[in-house]
Amino acid sequence: MDFLRPATWAEALTARAERPDAVPIAGGTDVMVELNFDRRRPGALLDLNRIPALRQWTRDPDGTIRLGASVPYARIIDELRTDLPGLAMASRTVGSPQIRNRGGVGGNLGAASPAGDTHPVLVATDAVIEVESAERGVRAIPATEFYLGVKRNAMAADELIKAVLLAPAKGPQQFSKIGTRNAMVIAVCSFAVALDVAARKVGAGIGSAAPTPRRPFEAELFAADALPWDSRADLDPRIATRFGELVAAAAAPIDDVRGTAAYRRHALSVMGRRTLTWAWREHQSSQSCQSSKELT
Amino acid sequence: MRVTFTVNGRSAEADDVWEGESLLYVLRERVGLPGSKNACEQGECGSCTVYLDDVPVCSCLVAAGQVQDRQVRTVEGLADGDRLDPVQACFIKAGAVQCGFCTPGLLVQAHDLIERNPEPSDPEIREALAGNLCRCTGYEKILDAVREAAAIKAGIA
Ligand SMILES: Cc1cc2nc3c(=O)[nH]c(=O)nc-3n(C[C@H](O)[C@H](O)[C@H](O)COP(=O)(O)OP(=O)(O)OC[C@H]3O[C@@H](n4cnc5c(N)ncnc54)[C@H](O)[C@@H]3O)c2cc1C
Ligand code: FES
Ligand code: FES
């Protein structure tokens with residue numbers, strides 16, 4: 001086995017093209033488990049830790065946040081919870097503090113496990129994955145098109161994930177995950193919701209209840225239409241319940257060691273109902289703060 | 001391959017390192033620092049926790065080559081010579097050590113918590129230690145030890 005240690009992004013792309021047998025390693029929290037248990041014996045490891053740009057996030061002129069592929073979860077939680085509340089919430093549920101100090105969104109995308117915690121947020125918020133190859137340059141892939149199947153993604157063999165592009169929250173965002181305890185659990189299923197208040201749109205993402213993360217389009221359209229945007233009135237519980245039902249209907253769960261398909265469907269309907277209710281309450285309270293400011 | 005890094009303030013050199021080897025293996029088997037324990041090799045137990053450039057990580061999940069030219073601090077580097085760090089002293093005093101397998105990782109993780117947050121609440125302690133499993137103590141004495149160490153470091157006790 002070889003250990004490739006590119007010092008720049010350009011060198012990393014060259015190495016990736018020249019060594020199709022090399023496995024990229026960032027935080028190592030997925031890759032090292034496979035190596036330690038002899039599940040994988042790649043020809044080489046391609047270490048991405050020495051490329052500073054991957055560990056940084058920046059803001060484009062239009063406000064878009066460009067999150068380097070290996071910014072660890074701990075920093076997303078500390079530095080981006082206001083701009084990206086949904087992603088920060090999901091990050092907070094990943095593994096343990098030690099895992100969050102190493103792992104990042106690039107690795108979650110690279111692994112493309114159906115249970116990856118960031119996936120529902122990325123699809124719900126229309127994130128875009130920026131991949132690059134030495135030969136063909138940069139390619140922007142919408143999150144909804146990035147996941148192809150269980151542990152399969154749209155990245156070509158000579159490409160690396162450079163960054164994830166995310167718009168700062170346009171309204172309240174929520175994330176919810178079912179597991180047997182509060183730390184160190186693989187999601188039984190998970191759910192993200194994001195309100196775009198100005199556009200009166202609702203984005204949603206289902207995790208760990210199909211081979212890939214899914215957007216429950218019907219549920220999104222229903223909520224966008226049914227939410228009392230004008231009056232900012234309390235949410236009619238029937239709307240939240242119907243939203244939950246439509247979320248559950250969009251999933252294609254299976255029975256496995258972590259839970260049954262029926263349980264997952266039930267849990268999704270509850271998570272859909274609850275997260276929409278929480279998000280709407282947050283919207284109401286932020287609106288009332290604003291109007292009281294306007295009055296004074 | 002050869003890996004050169006700094007561990008507990010001293011430069012260390014490991015030869016004939018296999019490219020897929022973990023930092024944990026290098027520490028225990030190649031540079032004579034068996035304090036960090038191997039209990040799962042999959043990031044679940046935290047007994048291999050070390051500082052990597054001042055950030056606590058599971059050393060079983062860091063590839064050896066990734067620590068080239070970087071700084072590692074293990075449980076062996078917490079004490080100042082013979083003077084134990086308050087976290088270590090409080091673990092002994094509180095009876096937070098039984099078989100001791102989880103202890104090195106807990107010490108590093110608790111040390112980091114108190115450095116960053118001198119007056120942690122109980123939920124904060126629990127969250128910080130959520131990735132460190134102990135099969136013996138039931139955690140109560142561990143919480144006692146961390147509370148007391150925090151108080152000592154904050155100059156309250
Ligand atoms: C104890 C434990 C608990 C965990 N808990 C959770 C959890 O609760 N939720 C969750 O979602 N995940 C969890 N994980 C899985 C893992 O931590 C995450 O998937 C994490 O995001 C991986 O990031 P990483 O940087 O460590 O990836 P790595 O292990 O370095 O890489 C993962 C994959 O992505 C590829 N890759 C990495 N970076 C790039 C890049 N820039 N370009 C192209 N490919 C790349 C690698 O080749 C590899 O295939 C857990 C893992 C462990 C060990
Ligand atoms: S041995 Fe590294 S976490 Fe268990
Ligand atoms: S003291 Fe035995 S595992 Fe913690």
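This is a predicted model: local features need pLDDT of at least 70, side-chain atom pairs count only at pLDDT 80 or more; totals for chains, interfaces and linings use all residues.
How many salt bridges does the rule find across the interface of chain B and chain A? It finds two, where a salt bridge is a side-chain nitrogen of Lys or Arg within 4 Å of a carboxyl oxygen of Asp or Glu. Residues are numbered from 1 along each chain as its sequence is written, chains are lettered from A and ligands numbered from 1 in the order in which they are written, and side-chain values use heavy atoms, with hydrogens and water left out.

**Where chain B meets chain A**

- On the contact count (heavy atoms within 4.5 Å), 35 residues of chain B touch 30 residues of chain A.
- About 2500 Å² is buried between the two chains, with carbon and sulfur atoms giving 54% of it; buried area here is the accessible area (1.4 Å probe) that two parts lose on being put together, summed over both.
- B:Glu19, B:Leu61 and B:Gln66 supply 25% of what chain B buries against chain A, more than any other three residues.
- One salt bridge pairs the side chains of B:Glu127 and A:Arg92, at 2.9 Å from N to O.
- Strand 3 (49–52), strand 4 (55–58) and helix 4 of chain B are the elements that give two or more residues to the side touching chain A. Helices (H or I, at least four residues) and strands (E, at least two) are DSSP runs, numbered from the N terminus.
- Strand 4 of chain B gives the most to that side, with four residues.

**Domains**

- Chain A splits into domain 1 (1–46) and domain 2 (173–287), with bounds that come from an automatic or database domain assignment. Their C-alpha centres lie 36 Å apart.
- Chain B gets domain 1 (3–75) and domain 2 (86–154), and their C-alpha centres are 21 Å apart.
- Inside chain B, 17 residues of domain 1 are in contact with 14 residues of domain 2.
- That domain pair in chain B buries about 1100 Å², 61% of it from carbon and sulfur atoms. B:Thr49, B:Tyr51 and B:Val75 supply 38% of the area on the domain 1 side, more than any other three residues.
- Between these domains of chain B there are zero salt bridges, but five residue pairs are in polar contact (both at pLDDT 80 or more).

**Helices 3 and 5 of chain B**

- Helix 3 of chain B is mostly covered, with 12 of its 14 residues buried. Buried means under 20% relative accessible area, exposed over 50%, partly exposed in between (1.4 Å probe, protein chains only).
- Helix 5 (residues 140–153) of chain B has buried residues including B:Ile142, B:Leu143 and B:Val146. Its cover includes helix 2 (86–94), helix 3 (103–116) and helix 4 (122–128) of chain B.
- After helix 5 of chain B comes B:Gly155, with a positive phi near 80°.

**B:Thr74**

- B:Thr74 sits in the loop between strand 5 (71–73) and helix 2 of chain B, and it counts as buried because its relative accessibility is 0%.
- The side chains of B:Thr74 and B:Glu76 make a polar contact of 2.6 Å.

How values were computed. A polar contact is a pair of N or O atoms within 3.5 Å; within protein, one must be able to donate a hydrogen and the other to accept it, and residues adjacent in sequence count only if both atoms are side-chain atoms.
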